[in-house]
Amino acid sequence: MHILIGLLAVLTAIGVWVWRLQMAKRGLDVATDIAKTVANAPRRLAFKYKMGKGGLDLIDDPREAAAIMLMQVALARGGPLTPLQGDVIEAEMCEHFQYLPSEAENLAAHAAWVSQSCPPATVTMTQLSKLIVNAPQLSPKEVIDLDAMLVAVSEAEGVPTRAQLALLQVYRDLAGLKT
């Protein structure tokens, strides 16, 4: 009988310690959650600020804008992006942005994803062209180089279509380029 009472006492003591460890772990989890919340506060505030903006308004990198413009010109041919168009877009980014092929591939994939939810192509081209033309970090040569990149993509599958030519004209008009 004493052995049974002793065994019950030992099991009770073990149970109490397990319960205490669980309570300590829960307290530590709560403290960790609080620390993460405080650490993420600046990011959340920046996100809330950006929530007032939408879609293309969030784009502030001229290379991202240019990649989306290249994608818009390619898609203006009608139908999905062809492998040849994708190769030309990536080659142009490697040459003009000094990207590695993997970086160009990632940016092209991002541009394709963004292009799925863009406004009509002329609106997208107008808005992104303004960003490019007004980007203080771009020289006039880089603005002209983008025109050559857009032309190369438009000609990837042969003679550009009217829709592609119209998008090229939108960029040229806003960039002040003669055609």
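The model is predicted. The protein has seven helices and zero strands, and along the sequence its pattern reads α-α-α-α-α-α-α. Its chain holds 179 residues, 31% of which count as buried. The accessible surface is about 11500 Å², and carbon and sulfur atoms account for 65% of that area. Of the contacts between residues at least 6 apart in sequence, 73% join residues at least 24 apart.

**Helix α4**

Helix α4 covers residues 101–115. At 1.5 Å a residue, its 15 residues should span 21 Å, and the C-alpha atoms at its ends are 21 Å apart, so the two values agree. The buried residues of α4 are A104, L107, A108, A111, V114 and S115. They lie on the same side of the helix, because they cover an arc of only 125° around its axis. In general, an α-helix has 3.6 residues a turn, so residues three or four places apart point the same way. N106 and W113, on the other side of α4, are exposed. The buried residues of α4 pack against α2 and α3.

**The nonpolar core**

The largest nonpolar core has 39 residues. Those that touch the most other members are M69, I89, M93, M125, L146, L150 and Y171. At least two residues of this core come from each of α2, α3, α4, α5, α6 and α7. Helix α2 gives the most, with nine residues.

| Helix | Residues |
|---|---|
| α2 | 62–75 |
| α3 | 83–97 |
| α4 | 101–115 |
| α5 | 121–134 |
| α6 | 140–154 |
| α7 | 162–175 |

**Two residues in detail**

L146 is one of the core residues that touch the most other members. Leaving aside residues up to four places away in sequence, L146 touches A66, M69, I132 and Y171. Among these partners, M69 and Y171 are also in the group with the most core contacts.

A152 is found in helix α6.

Key:
Residues numbered from 1 in each chain as written. Predicted model: local features only at pLDDT ≥ 70, side-chain atom pairs only at ≥ 80, totals over all residues. Heavy atoms only, no water. Helix = DSSP H or I, 4+ residues; strand = E, 2+ residues; numbered from the N terminus. Buried < 20%, exposed > 50% of the residue type's maximum accessible area, 1.4 Å probe, protein only. Contact = heavy atoms within 4.5 Å. Areas by Shrake-Rupley, 256 points an atom, 1.4 Å probe, with all protein chains shown as cover. Expected span 1.5 Å × (residues − 1). Arc of directions from axis to C-beta. Core = buried A, V, L, I, M, F, W, Y, C linked by side-chain atoms within 4.5 Å.
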